[in-house]
Amino acid sequence: MKTNGKIWPFVRSSLAGAFFVLILTDFFGWIRFGKAFRLLQFAPSLLNSLALALPAAIVISLIVFLLTFIFGRVYCSVICPLGILQDIVLSVKALFRRKKRGPYHYYDTRTLKRAVFFFVAVLFCFGVATPLVMLLPSSNFFTILSNVFVQGTYQVAQLFGCSLDIKSVDPAPGVFITSIFTLFILIAMTLWKGRLYCNTLCPVGAVLSLPAAFSLFRIQLNQDQCVSCGMCEHVCKAGCIDAKNKVVRNENCVMCGNCLSACARDAIKLVLTKKSAAPKAEQHCDLSRRRFIAGIGGAAVGAGLGLAMSKLGVSRKEADAAKEEPSMPPGAMNRARFNAKCVGCGLCISKCTGNVLRAASLQYGLAGFMQPYMNYDSGFCAFGCSRCNNLCPTGALVPLKRDRKQSTRIGLAHFIPDNCVAYTAEQDCGACGEHCPVGAIVMVDYKSTRIPQINDKLCIGCGACQHICPGINQAKREPAIRVSGVLEQITVEKPVEVEAKTLKSEEDFPF
Amino acid sequence: MNRRDFLKKTAAIAALGTVLKLTAADEIKAADKKVDDKKPEETKKNDAAKKPDIVAVRNGEPAAMFEAAMKELGGMKEFVRKDQTVVIKPNMAWDRPPEMGATTNPDLMEALLKSLKEVGVRKVYLIDTTCDNWKNCIKSSKMEEIAKKYDAEIVCGDTQRDQAFVDKWFLKNVEIKGAQKMKNVTINKLLKECDVFINVPILKNHGGATMTCCMKNMMGVVSKDMQMKIHQGGLHQCIAEVGSYRKPDLNIVDAYRVMTKRGPKGVDASDVKLLKTLMVGKDMVALDVLAAKLLEFPVDRIGHIKEGEKLGLGTSDISKLTIKKVTLA
């Protein structure tokens with residue numbers, strides 16, 4: 001068992017590296033591994049189990065939970081992309097480090113962790129997803145990847161005039177700054193105290209620390225052999241080893257295994273804990289009165305704050321049917337449901353065929369920050385595509401069959417005659433009618449030209465008409481057709497077949 | 001000299017004059033090349049003025065009709081020579097299957113590429129600026145498949161390949177001589193760089209321009225931004241002006257499946273009629289007039305026909321032209 005323990009750090013980093021490459025491969029679409037692969041992320045699969053009860057999601061979240069119960073938080077250092085990203089930052093840092101002794105010290109984060117978790121969870125339960133959007137590791141990883149790294153590459157390529165075929169996600173300033181800021185905070189926290197993020201802010205870490213505290217295999221200090229030298233504590237990036245008191249706080253341990261090879265006396269080991277041979281109570285659970293109060297108190301403060309915020313409705317902008325609302329991606333079904341369920345990972349945005357999905361800054365109000373909305377200035381919803389709702393890992397977008405998607409209304413077009421070149425200048429145009437995939441825009445005679453007439457019964461709000469409309473203003477984009485979002489995505493009528501007149505040319509040449 | 005001979009000679013000389021005038025306006029180098037290219041062709045036409053100006057074929061499959069039409073015109077080698085670069089402008093602007101009649105018939109395209117391969121051209125490009133996502137468009141219209149088979153390159157853009165790549169990609173900012181509204185355009189630079197330019201439109205109804213055929217199909221050679229400007233600043237005149245940048249050496253009108261209403265994208269199968277017709281010729285304007293007759297659209301409603309004639313793209317008086325009509329069994 002001794003050697004097994006020592007090779008774990010190597011096995012672990014190889015696995016993590018391989019997994020990281022797989023995640024990037026899937027993200028960039030070099031090879032697509034399908035939805036089950038994306039559901040390996042614990043938060044999306046757990047949320048999907050709650051939202052849609054997708055069998056694969058339930059099975060995978062149970063597997064991750066069980067894995068943690070058996071081996072501790074292996075998930076955090078092998079599967080979680082943000083965790084691996086932190087490890088990458090740490091290994092870069094290690095290159096510049098001369099001192100032999102590790103830089104870490106034991107710290108207790110339980111109060112803060114519980115406060116943050118309950119704050120996030122309570123707000124989420126009351127339909128405000130924003131804190132979760134900001135803190136979820138998978139969301140943060142993918143938004144940083146697409147908003148900072150991919151977009152950055154795109155901008156730099158443009159600067160040098162290379163025509164790289166990269167899809168620009170074109171984040172709004174607020175979104176871009178948030179992503180940069182998140183990355184900056186993450187790197188700062190990592191450089192300061194290793195996996196600090198994972199044990200304070202990360203909701204997944206908080207959930208998984210519960211089974212990890214009672215896991216079957218766990219890292220323990222041998223009370224007799226340990227001399228409290230602190231070698232293990234100094235290499236523990238999760239700060240979970242208290243060498244002085246010879247205690248390993250397993251709920252914070254991310255199972256990186258660095259400590260196993262650090263000990264000169266083989267006093268720290270991965271062991272199978274048996275009920276009979278359970279260590280002293282204080283070894284894994286410090287039950288002093290102060291600690292107990294702090295733990296409960298943190299949770300209560302977080303929950304209370306969340307409750308107060310959701311009750312006050314600070315961050316919630318009530319959807320107003322009278323005003324022009326942003327359109328949600330197809331499959332969102334209902335505005336309140338969508339805003340409450342989407343974790344803003346932005347996978348749909350980076351994969352959008354029509355280049356129409358963009359991360360919202362304040363379009364939905366603060367409660368929909370970073371969630372996708374349809375920006376008809378940048379593109380329009382491709383008629384034959386239903387990629388966004390089929391890849392959504394959390395179930396915020398309900399997967400739609402192509403047929404259903406093509407008749408799901410995501411918005412409704414309105415005609416603004418004063419901006420129309422045909423109406424104002426009496427010129428033929430018809431760009432809107434040309435692009436309508438469902439025949440909802442009919443060009444009707446008007447003076448010497450034709451103007452669009454919108455059939456509300458057929459319109460699905462794809463926005464092709466708005467996107468292509470040149471408008472009369474040469475300097476500014478002011479389309480004569482605007483699509484406003486709907487709060488409830490309904491199924492519209494099928495386009496009607498209109499009988500065609502017979503042509504003489506069907507029989508012979510008319511000339 | 002009888003009247004017919006006189007008319008034919010006058011027409012030929014006029015055509016030669018137009019070509020010389022148009023090419024003289026270009027850079028000297030390009031002009032030299034063009035005159036070299038055109039001269040033998042025109043003189044040949046003078047000698048044997050037997051070949052029709054336009055061939056219309058009906059009642060056959062796309063490939064058979066194309067072969068019949070090219071036979072009447074003396075074969076592909078009349079238009080393209082060995083080792084030349086050819087640019088083809090089909091209509092592949094929509095993410096619609098060929099059955100919807102929104103994009104150029106793939107069988108016709110295949111026959112065309114095959115005949116070009118037989119001549120032994122150096123390189124074939126298929127160009128278009130698509131309305132839907134370009135990758136989806138070339139896939140659904142089967143152009144990707146055909147291009148792969150015949151080793152042609154698809155140069156396609158849509159909104160996502162934007163202004164940022166002008167000059168670095170296939171787009172180029174140029175000035176169109178003699179244009180008023182479309183003076184400065186962002187256009188596909190292959191048009192002027194190639195030896196032969198073939199326009200292969202599909203005949204359709206069009207909500208804005210009434211009909212889309214040869215001249216309207218030429219809108220796909222400019223960038224997306226330009227297309228919007230065209231819609232903004234007088235559709236018909238702009239269409240004619242873009243068409244005058246580089247007149248096609250050959251137009252092949254696909255009227256096998258035609259969209260008679262709710263075009264140019266179409267909604268369902270009821271919009272499409274099986275007309276089984278194909279027209280080939282050099283004169284874009286005349287072909288558009290004939291196309292309007294096929295679909296029974298009033299010619300005076302299609303503004304770009306008049307504008308095109310004004311700019312010297314061709315004649316709308318089809319009685320001046322010899323039209324060979326072929327009905328396949």
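**Helix α4 of chain A**

I started with helix α4 (residues 55–71) of chain A: its 17 residues reach 24 Å from first C-alpha to last, close to the 24 Å expected at 1.5 Å a residue. The expected span here is 1.5 Å times one less than the number of residues. Helices are DSSP runs of H or I with at least four residues, strands are runs of E with at least two, and both are numbered from the N terminus.

Housekeeping: this is a predicted model, where local features need pLDDT of at least 70, side-chain atom pairs count only at pLDDT 80 or more, and totals for chains, interfaces and linings use all residues. Residues are numbered from 1 along each chain as its sequence is written, while chains are lettered from A and ligands numbered from 1 in the order in which they are written.

Which residues of α4(A) are buried? I get A:A57, A:I60, A:S61, A:V64 and A:T68. Buried means 20 or more other C-beta atoms within 10 Å of a residue's own, exposed means 12 or fewer, and partly exposed is in between, with C-beta atoms placed from the backbone.

Seen down the axis, the buried residues of α4(A) fall within an arc of 95 degrees, so they line one face of the helix. I take the arc from the directions between the helix axis and the C-beta atoms. On the other side of α4(A), A:P55 and A:L66 are exposed.

The cover over the buried residues includes α2, α3, α5 (74–78) and α12 (203–213) of chain A. Just after α4(A), A:G72 has a positive phi of about 80 degrees.

**Helix α3 of chain B**

Next I checked α3 (residues 62–72) of chain B, where B:P62, B:M65, B:F66, B:A69 and B:M70 are buried. They sit on the same side of α3(B), because their arc around the axis is only 130 degrees. Among the elements covering them are β1, α4 (106–119), β10 (250–259) and β11 of chain B.

**Between the chains**

I then looked up the interface: 44 residues of chain B are in contact with 38 residues of chain A. Contact means C-beta atoms, placed from the backbone, within 7 Å. On the chain B side, β1 (54–58), α9 (224–232), α10 (235–243), β11 (272–281) and α11 (284–295) each give two or more residues.

Definitions and conventions: Two residues are in contact if their C-beta atoms, placed from the backbone, lie within 7 Å.
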